[in-house]
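Open the model in your viewer and keep the sequence panel beside it.

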Amino acid sequence: MSESLLRTDKELSEIYDRHIGTVYRVCFAYMKNPADTEDAVEDTFLQFIRKAPAFESEENEKAWLIKTASNICKNMLRHWWRKREDIEAHNELISTDVIETDGVFQAVMELPVKYKTVVYLYYYEGYTSAEIAGMLKKPPSTVRNYLHDARAILKEKLGDDFDEER
């Protein structure tokens with residue numbers, strides 16, 4: 001019997017409903033367009049169904065989904081066909097109906113990937129730097145350095161519009 005059959009459809013549906021927003025936002029942060037984001041979200045939940053990991057808590061479940069979504073997006077971005085596509089040509093597809101954006105969020109999305117991920121997880125998902133370090137398998141000091149560097153970039157970019165408490 002396949003491991004993915006250990007969870008019922010109802011359990012899978014509840015997990016999906018509980019985490020779809022977070023997984024979508026993480027994927028959107030990488031992919032920057034709705035079509036690729038939806039593909040990455042689908043791949044993330046398919047991987048979840050196939051692997052059927054057991055978790056101690058909903059937070060561990062969420063962390064696993066975020067890490068898996070990040071890895072799937074990174075792999076998609078490294079793919080050979082992706083290098084040939086001009087992602088900036090698709091920016092007109094991004095609408096505020098899909099994900100609520102403001103100037104700060106737009107600036108965060110323009111950060112290099114290593115900064116964007118930690119800033120998003122820290123400020124938008126509410127994880128601590130230690131939790132993010134565990135998810136990304138990086139030392140906590142590296143995560144703190146990324147946050148520090150990202151804040152400096154955002155402050156330079158946004159000037160008075162930047163509020164570190166957001």
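**Whole chain**

Read along the sequence, the protein chain runs α-α-α-α-α-α-α-α. That is eight helices and zero strands, where helices (H or I, at least four residues) and strands (E, at least two) are DSSP runs numbered from the N terminus. This is a predicted model, in which local features need pLDDT of at least 70, side-chain atom pairs count only at pLDDT 80 or more, and totals for chains, interfaces and linings use all residues. Residues are numbered from 1 along each chain as its sequence is written, and side-chain values use heavy atoms, with hydrogens and water left out.

Show the surface. The accessible surface of the protein chain is about 9800 Å², and 49% of it belongs to carbon and sulfur atoms; the areas come from the Shrake-Rupley method with a 1.4 Å probe, and for residues only the protein chains shown count as cover. Of the 166 residues in the chain, 40% are buried. Buried means under 20% relative accessible area, exposed over 50%, and partly exposed in between (1.4 Å probe, protein chains only).

**Colour by confidence**

pLDDT is the predictor's confidence in each residue, from 0 to 100. The protein chain averages 78, and 78% of the residues score at least 70. Select helix 2 (residues 34–51), where confidence is highest at a mean of 91, then helix 4 (residues 80–84), where it is lowest at 50.

Next select residues 83–100: pLDDT stays under 50 there, and the model has 20 contacts beyond four places in sequence for this stretch. A contact means heavy atoms within 4.5 Å. Residues 1–5 also stay under 50, with five such contacts. Where pLDDT is low, the predicted coordinates should not be read in detail.

**Helix 1 and helix 2**

Select helix 1 (residues 9–31) together with helix 2. The two pack at an angle of about 135 degrees, with their axes 9 Å apart. Axes are lines fitted to C-alpha atoms, for helices over the stretch in contact, and angles run from 0 to 180 degrees between N-to-C directions. Helix 1 and helix 2 are therefore oblique to each other; under 35 degrees counts as roughly parallel, over 145 as roughly antiparallel, 65 to 115 as roughly perpendicular and the rest as oblique. Show side chains at the contact: those of helix 1 include Tyr16, Val23 and Phe28, and those of helix 2 include Val41, Phe45 and Phe48.

Now pick Lys32, in the loop between these two helices. Its phi is near 65 degrees, a positive value in a residue other than glycine. Most residues other than glycine have a negative phi. Lys32 counts as partly exposed, at 22% relative accessibility.

**Lys62**

Move to helix 3 (residues 58–78) and pick Lys62. Is Lys62 buried or exposed? At 15% relative accessibility, Lys62 counts as buried. Not counting residues up to four places away in sequence, Lys62 touches His19, Thr22, Glu125 and Tyr127.

**Phe105**

Phe105 is in helix 5 (residues 103–109). Phe105 is buried, with a relative accessible area of 4%. Draw a distance from its C-alpha atom to that of Lys116, eleven residues apart along the chain: the separation is 10.0 Å.

**Helix 7 and helix 8**

Finish with helix 7 (residues 129–136) and helix 8 (residues 140–158), which pack at about 110 degrees with axes 8 Å apart. They are therefore roughly perpendicular to each other. Ser129, Ile132 and Ala133 in helix 7 meet Pro140, Val143, Arg144 and Leu147 in helix 8.
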